[in-house]
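Subject: Structure handover

Hello,

The structure is below, and my notes on it follow. Please read them alongside the coordinates.

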Amino acid sequence: MNDPMGGMTGAGEEALALLPELLLLLGAGGGLLLGLWTPQHRQWRVRAVVIVACLASAAAAAVVFSDPPTRVFEETWVIDGTTGIVRIVVALSAAVAVFLASSSLAGHPRETEAYVLMLLGALGTIALAASGDLLLLVAAYLLASIPLYALAGFAKDASGTEATLKYYLMGAFVGVLMMVGVTSLVLATGTTGYPELATLLPEAPAALLAVGVIGVLAGVGFKAGAVPVHFWVPDVTAGTTPAMAAYITTIPKIGAVAAAFRLLAEPFGGVPLDVPLLVAVIAALSMTLGNLAAFNQTDVSRLLAYSTVSQVGYLFMVVAVAGRTDLALPALAIYLAGYAITNLGAFAAVAAFPEARSISDWAAAAGRNRWVVVSLVVCLLGLVGTPPTAVFVGKLAVFTATWDGGLAWLVVLAAVNTVASLFYYLRWIAPAAATRDVPAGGGTDGGASTVTVGRAVRTAPVVTLHVAAIASVLLGAGSGLWLAVVVPG
Amino acid sequence: MLLTVVVLLPLAAAALLLAVPALAGRAAIWVWIAASAADLALVAWMWWRYDPGRGATGVVGNLAYEVDLQWIPTVDAGYHIGVDGLSLPLLALTGVLFLACAVWSLREPDRPRTQAALFLFLQTACLGTFAALDLILFFVFFDLTIVGMYFVIAGWGHGNARRSALKFFLYTFLGSLALLVGFIGLFLGSEERTFDMVALAENPPLTDSPLAGGLVLLAIGLGLAVKTPLFPFHTWLPDAHTDAPAAGSAILAGILLKLGTYGFVRIAMPILPDAWQRWAMVVVVVGTISVLWGAFVALAQTDVKRMIAYTSVNHMGYVLLGLGAAGLVGQADEEARTIATVGALYQMVSHGLLTGALFLLSGVLWSRGQTYAFDHWGGLARPAPVFAALLAVAAFGSLGLPGFASFIAEFQIFTGALQAAPVATVLAVTGILVTAGLFLVALQRLLTGPTAVPSLPDGSSPDDQAAAAAPSSSPTQDGATATAVRPRTATGMRDVHGAELAAVVPLLALAVLLGLFPRALLDVIEPAAAAVAQLVAR
């Protein structure tokens with residue numbers, strides 16, 4: 001927004017191309033100012049402003065969706081199909097996350113700050129996806145990270161503080177790695193723009209190239225929570241509040257995966273190293289280790305945390321074949337949207353009963369509320385990839401694209417992992433579904449109603465859970481429509 | 001449009017049941033019966049209006065009630081459904097069996113509303129799988145049957161129900177993902193990049209690459225073999241059956257196993273003719289091993305329900321023997337291969353009816369004595385003559401006595417397969433002998449001798465099954481086992497009555513009718529079977 005004075009009109013027009021991002025920024029700034037002058041019990045106004053800003057941003061992104069791809073601000077900011085998908089998905093997910101957090105944040109002394117930070121993080125996420133320049137990528141990395149450190153420890157309790165510290169140290173370390181990577185790429189080519197990199201990198205010295213590729217991928221891998229830079233995921237997810245965990249494990253991943261997708265399609269597309277194989281190995285490790293680690297979790301947050309690690313593995317499959325098949329972009333579009341909805345839904349189920357940490361507590365707490373259980377089953381089976389949910393269509397598209405891109409072994413591994421993942425999702429589904437409720441006039445003796453723990457039920461998360469379950473099924477059934485919109489032709 | 005209504009009507013009824021809490025208890029079951037009956041009536045209407053045609057038709061053309069809508073255009077997957085001679089008999093079987101289960105469940109005391117909704121959901125999934133003409137649509141419904149059956153077993157089963165349900169889910173889900181991988185292979189191997197079964201069967205993919213074709217057939221075959229189930233992928237079956245409720249077992253054996261064999265006829269054979277021919281002998285061998293393995297292991301069982309479960313492995317082995325023989329193009333003429341295919345399709349229908357009846361009858365044992373163990377029962381012919389008669393009829397039908405549908409089926413399979421695979425056929429015929437022996441032994445143990453009936457429900461039975469009876473007096477903390485108060489019966493065998501009779505008798509009557517007047521079904525099956533036999537010979 002600090003445009004150079006020269007070329008004011010041109011810059012003004014270019015700034016308008018960033019209207020969705022500007023709306024998010026406006027929402028963040030406006031929300032902050034409004035929050036300062038709003039009494040504690042009226043903070044819902046800030047929430048409304050922030051949600052409206054998100055929705056307006058998504059709408060603005062949808063309006064310009066079918067415009068031809070452009071690169072603005074000296075080709076650093078790419079506006080194309082990938083950016084458009086991320087803009088819409090992130091803005092809507094941020095709105096959902098703010099709504100989801102509202103029940104635990106309402107009345108909190110720093111309520112406004114939380115919403116503003118969430119919006120800024122979303123802005124950074126979109127910047128990650130839209131980066132067409134390594135320096136912007138680094139800036140976006142920081143913008144997508146720093147607000148999240150604050151959010152992770154927002155409750156200021158011991159576990160939250162520990163989570164923040166771990167998250168921050170790991171983020172700082174990987175950030176340095178990433179900057180080393182960027183530096184080597186600059187050393188090798190003398191430029192930071194993706195189009196120039198794409199032409200110059202194939203002739204670059206192999207050592208510099210290798211350091212550069214690994215460093216930059218480490219950065220986006222960290223934001224995505226991929227193996228081997230995933231160690232923060234379980235601790236942060238379990239340490240922070242469920243609503244914040246939903247935000248942290250959903251939003252930055254979307255932008256990071258899209259950024260990796262763009263990196264592989266553009267600057268790393270023609271390099272002499274086998275970058276797709278490297279990404280394929282990252283994908284294989286993420287899904288396998290994520291699943292293995294999730295097997296024995298009894299804490300619902302940790303279980304979901306490892307599940308998100310394995311989900312990143314499936315997402316990175318499509319990154320590995322970016323630019324190698326026409327099926328990659330539709331696969332990314334549907335999987336990102338499906339993952340965002342379903343993951344938010346699953347965390348909303350956790351947030352609905354904040355006192356229930358373990359699977360059995362959760363099952364006991366939710367026992368009376370049959371529809372919550374039904375929605376949870378839809379979300380968890382959705383994460384497995386059971387039809388007709390959105391993630392099923394996503395997985396189908398991702399598997400197809402990956403095989404078409406020449407990585408059939410990865411498809412087989414992913415299929416085996418999907419079966420393995422079913423096991424731990426069922427460890428949650430089975431007790432939840434088995435807890436008896438007493439249907440009216442059903443004729444049971446009703447002796448099983450032993451619900452004692454966690455009677456506190458939060459409304460906003462329950463609503464979010466139901467909406468996510470319905471949206472997951474609708475997006476699956478209507479995936480043709482979504483794809484027709486986001487991937488025309 | 002009519003077909004869409006047939007497929008979705010049960011789902012709509014399920015939604016109605018869940019949405020209206022007033023429909024509880026007996027009313028819920030009546031809604032279920034009404035929905036199933038209406039659905040069966042619609043299927044009957046479809047059958048009435050269906051013109052099977054002459055010669056070889058179906059599979060790639062002359063599909064009735066066809067609907068083709070775009071769903072995911074980027075991969076050309078669509079909502080494509082239709083009916084031909086392969087699917088119509090199985091749609092009708094689904095309608096009949098679900099109605100029988102609905103009637104059977106009239107006295108269901110345990111959460112009847114949820115159960116009815118779940119079964120209706122399952123019915124939509126089964127009908128959808130049989131009607132689907134698109135690989136992805138097929139997969140969607142195929143997977144949903146697994147989910148539905150998981151909750152049936154986990155929620156209403158007895159014994160170690162949760163473990164069995166988990167085993168069932170994991171095994172069959174593994175199979176379904178192998179199937180998905182195979183489908184993606186078909187998609188990528190096809191020239192026009194489509195998931196449409198009709199288009200793929202018209203222009204088979206991967207004909208010029210035997211290795212890729214073989215691997216894709218392996219993936220699809222693996223997926224379907226787990227579901228069917230074939231030796232050595234059958235190990236989930238006995239546990240799932242033993243712990244499932246009677247109606248769930250009937251559906252699992254009667255319909256869900258057919259999804260596997262139906263997949264072979266509908267997908268593997270017409271779409272991968274080249275690979276099917278090349279590997280047909282393997283199919284024959286696996287089928288024969290399943291026949292013998294199922295028969296001999298069934299012989300050794302001490303539990304009625306496990307025994308019936310293993311005979312399913314045996315019966316599905318016959319189907320695979322017939323389908324494999326249909327692929328041995330070099331060794332047999334087209335007529336023999338068509339007969340083998342017809343026999344395989346006939347066997348699917350007859351097995352559905354007879355095994356459905358057998359499992360429902362074994363449910364009578366559970367409701368009276370909460371055990372399936374042979375040594376707890378004896379001499380039931382005296383206190384329960386109707387039960388004894390029905391069980392005898394079902395057992396004789398199942399062992400393939402002339403006059404029953406299964407005889408027509410097995411006779412045709414053997415006739416068709418003899419020319420192409422004489423050794424395997426002769427071996428498989430001995431399977432009939434073993435089955436006959438085991439059913440006779442079972443009848444002898446249960447029906448003759450001095451009357452023995454387990455005491456109920458707190459009779460200190462040393463059997464582990466007694467664990468299942470405990471929760472009715474002390475509900476467990478997590479509510480894992482049924483908490484229903486079962487209707488107390490006097491110690492003594494109450495004969496089959498009312499709803500039970502109304503559920504079982506039509507199944508057996510149909511099995512007899514199809515055995516005496518096979519033309520009605522053959523007229524529908526034969527053109528499609530001929531088409532499959534021709535397509536596989538390409």
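I start with a covered helix in chain A. The buried residues of α15(A) are Ile359(A), Trp362(A), Ala363(A), Ala364(A), Ala365(A) and Ala366(A). Buried here means that 20 or more other C-beta atoms lie within 10 Å of a residue's own; 12 or fewer counts as exposed, in between as partly exposed, and C-beta atoms are placed from the backbone. Because six of the eight residues of α15(A) (residues 359-366) are buried, the helix is largely enclosed by the rest of the structure. Its buried residues pack against α13 (300-320), α16 (370-384) and α18 (408-434) of chain A.

Conventions: this is a predicted model, in which local features need pLDDT of at least 70 and side-chain atom pairs count only at pLDDT 80 or more, while totals for chains, interfaces and linings use all residues. Residues are numbered from 1 along each chain as its sequence is written, and chains are lettered from A and ligands numbered from 1 in the order in which they are written. Helices (H or I, at least four residues) and strands (E, at least two) are DSSP runs, numbered from the N terminus. Two residues are in contact if their C-beta atoms, placed from the backbone, lie within 7 Å.

Chain B has a covered helix too. In α9(B) (residues 236-243), eight of eight residues are buried. They are Trp236(B), Leu237(B), Pro238(B), Asp239(B), Ala240(B), His241(B), Thr242(B) and Asp243(B). The packing partners of these residues are α5 (135-156), α6 (161-189), α10 (246-271) and α13 (304-327) of chain B.

Beyond its neighbours within four places in sequence, Val318(A) is in contact with Ala328(A), Ala331(A), Leu332(A), Tyr335(A), Val398(A), Ala401(A) and Thr402(A).

Leu329(A) is in α14 of chain A. Leu329(A) is buried, since 24 other C-beta atoms lie within 10 Å. Its C-alpha atom is 8.2 Å from that of Val318(A), eleven residues away along the chain. Residues up to four places away aside, Leu329(A) touches Gly81(A), Thr82(A) and Val487(A).

In chain B, Ala325(B) belongs to helix α13 and is buried, with 32 other C-beta atoms within 10 Å. Not counting residues up to four places away in sequence, Ala325(B) touches Val284(B), Ala332(B), Arg337(B), Ala340(B), Gly416(B), Ala417(B), Ala420(B) and Ala421(B).

Two helix pairs follow. Axes are lines fitted to C-alpha atoms, for helices over the stretch in contact, and angles run from 0 to 180 degrees between N-to-C directions. The axes of α3(B) (residues 87-104) and α19(B) (residues 498-516) come within 7 Å and cross at roughly 160°. That makes the two helices roughly antiparallel (over 145 degrees; under 35 is roughly parallel, 65 to 115 roughly perpendicular, and the rest oblique). Val96(B), Ala100(B), Val103(B) and Trp104(B) of α3(B) meet Ala499(B), Glu500(B), Ala502(B), Ala503(B), Pro506(B), Leu507(B) and Leu510(B) of α19(B). These contact residues divide into ten nonpolar, no polar and one charged; Ala, Val, Leu, Ile, Met, Phe, Trp, Tyr, Cys and Pro count as nonpolar, Asp, Glu, Lys and Arg as charged, and the others, Gly among them, as polar.

In chain A, the axes of α7(A) (residues 158-189) and α10(A) (residues 232-239) come within 8 Å and cross at roughly 150°, so this pair is also roughly antiparallel. Ser159(A), Gly160(A), Glu162(A), Ala163(A), Lys166(A), Tyr167(A) and Met170(A) of α7(A) meet Trp232(A), Asp235(A), Val236(A) and Gly239(A) of α10(A).

Last, some backbone points:

- The peptide bond from Val227(A) to Pro228(A) is cis, with omega near 5°; Pro228(A) lies in the loop between α9 (206-224) and α10 of chain A.
- Phe231(B) and Pro232(B) are joined by a cis peptide bond, with omega about 5°; Pro232(B) is in the loop between α8 (210-227) and α9 of chain B.
- Phe73(A), a residue other than glycine, has a positive phi, near 55°.

Regards
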